[in-house]
2 protein chains.
Amino acid sequence: MQTELSQTLGIEHAVFGFTPFPAVAAAISRAGGFGVLGAVRYTAPDELKRDLDWIEAHVGGRPYGVDVVMPAKKVEGVTEADVEAMIPEGHRQFVRDTLARHGVPELAQDEASGWRITGWMEQVARSQLDVAFDYPIRLLANALGSPPADVVARAHDRDVLVAALAGSARHAEKHRDAGIDVVVAQGYEAGGHTGEIASMVLTPEAVDAVAPLPVLAAGGIGSGQQVAAALALGAQGVWLGSLWLTTTEADLGSPALTRKLLAAGSGDTVRSRALTGKPARQLRTEWTDAWDDPAGPGALPMPLQGLLVAEAVSRIQKYEIDPLLGTPVGQIVGRMNSERSVQAVFDDLTRGFEEAVDRVNRVAGRSGPS
Amino acid sequence: MQTELSQTLGIEHAVFGFTPFPAVAAAISRAGGFGVLGAVRYTAPDELKRDLDWIEAHVGGRPYGVDVVMPAKKVEGVTEADVEAMIPEGHRQFVRDTLARHGVPELAQDEASGWRITGWMEQVARSQLDVAFDYPIRLLANALGSPPADVVARAHDRDVLVAALAGSARHAEKHRDAGIDVVVAQGYEAGGHTGEIASMVLTPEAVDAVAPLPVLAAGGIGSGQQVAAALALGAQGVWLGSLWLTTTEADLGSPALTRKLLAAGSGDTVRSRALTGKPARQLRTEWTDAWDDPAGPGALPMPLQGLLVAEAVSRIQKYEIDPLLGTPVGQIVGRMNSERSVQAVFDDLTRGFEEAVDRVNRVAGRSGPS
């Protein structure tokens with residue numbers, strides 16, 4: 001699967017894999033794709049450095065990238081404590097009540113919350129960038145909005161491509177105007193933050209809006225036939241996140257969560273504000289139901305909601321409280337039915353892609369070399 | 001675009017077009033596709049007969065079909081008056097208030113409501129079938145649920161294929177078990193009644209669920225590249241409805257509505273219960289907002305909501321009350337930006353399809369005959 005973008009980056013397959021796990025990122029690049037390490041969970045620069053060192057040692061010289069969450073809008077001098085103070089007591093009580101109803105134990109005193117909102121704040125994202133730019137990354141992705149101009153310039157100085165996620169053609173145009181190099185068009189069916197427009201409609205709209213800038217299709221892609229569909233829609237490659245969560249290299253840290261992912265159908269996700277305050281697709285659980293219930297207090301806006309629920313989410317995950325246990329994941333979860341290695345997933349993608357190309361050629365009445 | 005199903009039906013392109021307009025249905029079949037006339041709006045058998053006569057005279061001997069709405073679950077002996085009596089007065093008042101707020105005039109005393117709920121009731125659907133089976137239709141589609149067993153048998157006796165719309169793999173399996181011949185997998189992005197699963201995910205799930213039964217992909221398809229994507233996903237053809245609404249052969253009866261469709265973007269639709277009581281994608285208007293507003297009474301279940309709003313919808317359409325004026329349509333409305341003939345739409349679809357096949361072959365490194 002070769003496109004202009006895959007050739008620019010020197011990769012074999014135009015398959016970009018977003019993952020929070022260094023072992024998955026390295027395996028994706030080794031398999032001929034392009035691994036992108038999500039940095040949002042790193043609060044300490046040393047931890048990111050340690051994991052990028054690991055990737056460098058295991059990526060076999062193949063190119064890879066890093067994904068940060070950096071809002072273009074600055075909020076000067078706001079600390080985590082300032083944000084904490086904005087959370088209404090009623091919402092805190094709702095969290096305590098919901099956890100108590102399910103008997104969720106407290107964390108021990110020396111255990112930190114695993115998921116911190118601070119990764120979403122600009123100063124943290126900038127310290128992540130300082131670390132990442134010390135490594136030979138080839139792509140920097142920004143998960144929410146356009147990155148600030150100085151960050152784009154800094155990336156371009158180092159010959160690093162800049163990508164940004166878009167949920168509409170208008171978002172894509174804003175990113176282009178901000179000087180980025182690659183648009184990731186994230187459809188409704190995708191895991192994590194998504195808009196309302198499904199990939200079938202969004203991908204060609206984004207392609208037309210920003211051409212000749214390359215667009216990667218994200219959302220609903222977990223098989224080779226879906227890769228072929230995305231490329232037919234004009235994408236220069238695909239951006240996959242969910243599919244890697246059940247690979248053997250992934251380290252979800254919760255066998256119960258892995259079991260839930262393997263068992264879930266495509267109808268078992270929901271686009272909910274429960275996790276961050278912005279609509280993000282995730283497994284539907286009693287936790288998302290509680291936040292989406294009109295009778296409840298409802299989710300707070302970003303970044304308050306993420307800060308409010310960070311500790312609760314850590315406790316739910318640590319103690320594997322099944323009815324509440326979830327994770328961001330797309331509708332493609334319905335096809336994630338066995339634990340496989342990243343290489344096995346790639347073999348499946350490339351085989352399925354070739355079969356889909358055969359099928360389309362047959363429909364078109366072309367007797368190609370297949 | 002040739003598939004096993006298109007060959008069975010003797011059509012040139014595996015493009016199925018659903019439309020309430022006889023002129024559009026005939027033009028689709030003449031252009032090499034397969035026109036399907038939606039019968040739900042016909043309450044008098046004579047009117048359906050008149051329009052099928054017209055199609056017979058104008059379809060040039062090409063095959064075509066009919067679409068009815070026939071629930072498999074029977075409600076014996078329930079009349080429209082019985083259903084009327086179930087509607088709460090508060091909901092009637094909400095309709096009156098909303099119309100009054102926008103100054104919507106009353107219909108004249110001799111004007112019937114154009115859109116009648118009766119088309120959704122089994123006795124009406126059966127009288128439509130009695131008419132339709134007198135014509136050489138090749139396909140009978142059921143828009144909501146599996147058709148009753150006797151209807152399937154009656155169709156098969158006449159060598160008529162039976163199709164049914166599905167929003168999930170489970171729906172598709174139920175249809176297969178009911179003996180139908182073709183599954184129309186209707187994705188989240190489609191106009192009209194839809195589920196939550198987007199076409200990119202739903203199409204291959206439905207294909208795998210009912211193979212070797214053919215699946216048509218519906219939802220998000222309005223260009224040749226989207227046709228190619230659907231075929232890459234394993235569909236044996238595409239089922240398009242929205243795209244024809246702005247063709248020159250369509251008779252929407254409201255220039256203002258046509259203007260709204262031409263101007264709308266892909267983000268200007270909403271999946272709302274406002275029209276029928278079940279979630280159906282349509283243009284977002286102040287009318288859908290009123291029904292979706294948590295502060296309002298909310299939509300009633302099907303069939304009550306359709307009966308409740310039938311006259312109101314007729315008045316809004318007749319007097320072209322712009323802020324309230326809408327229609328079922330999919331996210332593809334963002335690409336319906338000019339009035340074109342059905343033939344011009346077909347030319348565009350086939351050209352775009354060939355270009356998409358070229359693109360996918362290039363990505364696959366195949367030097368086909370293109």
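I take two strands as paired if DSSP finds at least two bridges between them. The model I am reading is predicted.

**Sheet in chain B**

I looked up S10(B) and strand S11 (residues 280-283) of chain B, which pair in the antiparallel sense over four bridges. I noted one position there: Val270(B) stands opposite Gln282(B) in S11(B). I then traced the sheet, which is open and has three strands in the order S7-S11-S10 (chain B), with antiparallel pairing. I marked strand S7 (192-193) and strand S10 (269-272) of chain B as the edge strands, since each pairs on one side only.

**Interface of chain B and chain A**

I next asked how many residues of each chain are in contact. I found 47 residues of chain B in contact with 46 residues of chain A. I read the area buried between the two chains as about 3,900 Å², with 59% of it from carbon and sulfur atoms.

I checked charges and found six salt bridges across the interface of chain B and chain A. I wrote down one pair, Asp358(B) with Arg366(A), whose side chains meet at 2.6 Å, N to O.

I looked up which helices of chain B each supply at least two residues to the side touching chain A: helix H9 (199-210), helix H10 (224-232) and helix H14 (342-363). H14(B) gives the largest share of that side, 10 residues. I sorted the residues of that side into 22 nonpolar, 15 polar and 10 charged.

Notes. Residues are numbered from 1 along each chain as its sequence is written. Chains are lettered from A and ligands numbered from 1 in the order in which they are written. This is a predicted model: local features need pLDDT of at least 70, side-chain atom pairs count only at pLDDT 80 or more; totals for chains, interfaces and linings use all residues. Side-chain values use heavy atoms; hydrogens and water are left out. Contact means heavy atoms within 4.5 Å. Buried area is the accessible area (1.4 Å probe) that two parts lose on being put together, summed over both. A salt bridge is a side-chain nitrogen of Lys or Arg within 4 Å of a carboxyl oxygen of Asp or Glu. Ala, Val, Leu, Ile, Met, Phe, Trp, Tyr, Cys and Pro count as nonpolar, Asp, Glu, Lys and Arg as charged, and the others, Gly among them, as polar.
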